[in-house]
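Subject: Structure handover

Dear colleague,

I am passing on the structure we spoke about, and below it you will find my notes on what turned up when I went through it. Please read them with the model open beside you.

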Amino acid sequence: MGPAATAPGCVLAFDDEQSMGAALAEALGVPLSLIARHRFPDGELRLRLPAELPPCTVLLRSLHQPNEKLVELLIAAPAARELGARRLLLASPYLAYMRQDIAFTPGEAVSQRHIAGLLARCFDAVVTVDPHLHRIASLDEVMPGSRGIAVSAARLIGAWVAQRVSQPLLLGPDEESAQWVREAARACSPEADHAWCVKQRHGDHDVQVSLPPGLRCAGRAVVLIDDLASTGRTLMAAARLALEAGASSVDAAVTHALFIGDAITELKSAGVHRIWSTDCVPHASNALSVVPLLAEALRRA
Ligand code: R5P
């Protein structure tokens, strides 16, 4: 395929992601086209794409509340190819199902592998932000053919925090968060103090967190850093411990603001003051845009 065919020629977004679609299209210097959706009374979907697509098309779909969106992608990807997109890139700021990376009980499906594999079969490349990679080192292990491209918002978050919190102590609420906490700390100048807790999850809303031994929180402005918050229980547990240990304040910054149900209210009552997130998942806490990161990765894809 020649170079003209490999440079993105348009961004295709679903009608509910028009504003991020427009920002991404502008960053790439290409037009935005929309996919209109209709839901039939029986729940089936009808999608309407533009009648013609350029040889290289970027499809934007963030995968929070993922199940229906995955069906949309299963229909939209082959349809886009039929309409001219010989090279089809998925920009998925939040990639769902990445936490189910092991069979915790015999027979349990390792959803990470299967969802990643499915997307790799539909798209030539999948660009995402801070996928939850815990027991695997890179997306390549679950997305065959080097199709997965992960960029990180951790440095963006670190720089944001550095501008707002003087001498912060960056604290990850669990071991997995170490990768993002380290990067965020490096983006502060001088490098911010940082550490991470140890977590045990007993259920969807039941987590137990311990501070790293010897960590001094007294009088410190603690900022919790994680890739995602869902029920918010992980951040809540870490916030309570930091405050009990004498932290002068606790703020939180995450890449993916799922914040299900009462998460924000509960976080506030646990003493978390400010909550910041990127726009990977639309939420009132969104403060940072990942569009420049996505655009840069898509140009290189
Ligand atoms: C998993 O380890 C993730 O990094 C998050 O810490 C976790 O998924 C957050 O979940 P919740 O907000 O429901 O505690």
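Lys 199 is found in strand S10, which covers residues 198-203, and in this predicted model its side chain is joined to the side chain of Thr 234 by a polar contact of 3.1 Å. If neighbours within four places in sequence are left aside, Lys 199 is in contact with Thr 234 and also with Pro 173, Asp 174, Glu 175, Val 207, Gln 208 and Val 209.

Next comes the sheet. Six strands form an open sheet with parallel pairing, and their order is S9-S8-S12-S13-S14-S15. Strand S9 (193-196) and strand S15 (286-288) are the edge strands, each of them pairing on one side only. On average, and with direction ignored, neighbouring strands of this sheet are turned by 30° against each other.

Helix H6 (residues 178-186) lies across strand S8 (168-172), S9 and strand S12 (221-229), and runs at about 175° to S9, while helix H7 (residues 233-244) lies across S8, S12 and S13, and runs at about 170° to S12.

Not counting residues up to four places away in sequence, Thr 255 touches Val 129, Asp 130, Ala 153, Ile 157, Asp 226, Asp 227, Thr 278 and Cys 280.

Finally, there are the nonpolar cores. The largest has 37 residues, and those with the most contacts inside it are Ile 35, Leu 49, Leu 59, Leu 73, Leu 95, Leu 119 and Phe 123. Strand S1 (10-14), helix H3 (66-82), strand S5 (87-92) and helix H4 (111-122) are the elements that give two or more residues to this core, and H3 gives the most, with six residues. A second, separate core has 27 residues, including Val 222, Ala 238, Leu 267 and Ala 270.

With best wishes

How values were computed
Residues numbered from 1 in each chain as written. Predicted model: local features only at pLDDT ≥ 70, side-chain atom pairs only at ≥ 80, totals over all residues. Heavy atoms only, no water. Pairing = 2+ DSSP bridges. Helix = DSSP H or I, 4+ residues; strand = E, 2+ residues; numbered from the N terminus. Axes fitted to C-alpha atoms, helices over the stretch in contact; angles between N-to-C directions. Contact = heavy atoms within 4.5 Å. Polar contact = N/O pair within 3.5 Å; in protein donor to acceptor, adjacent residues only side chain to side chain. Core = buried A, V, L, I, M, F, W, Y, C linked by side-chain atoms within 4.5 Å. Buried < 20%, exposed > 50% of the residue type's maximum accessible area, 1.4 Å probe, protein only.
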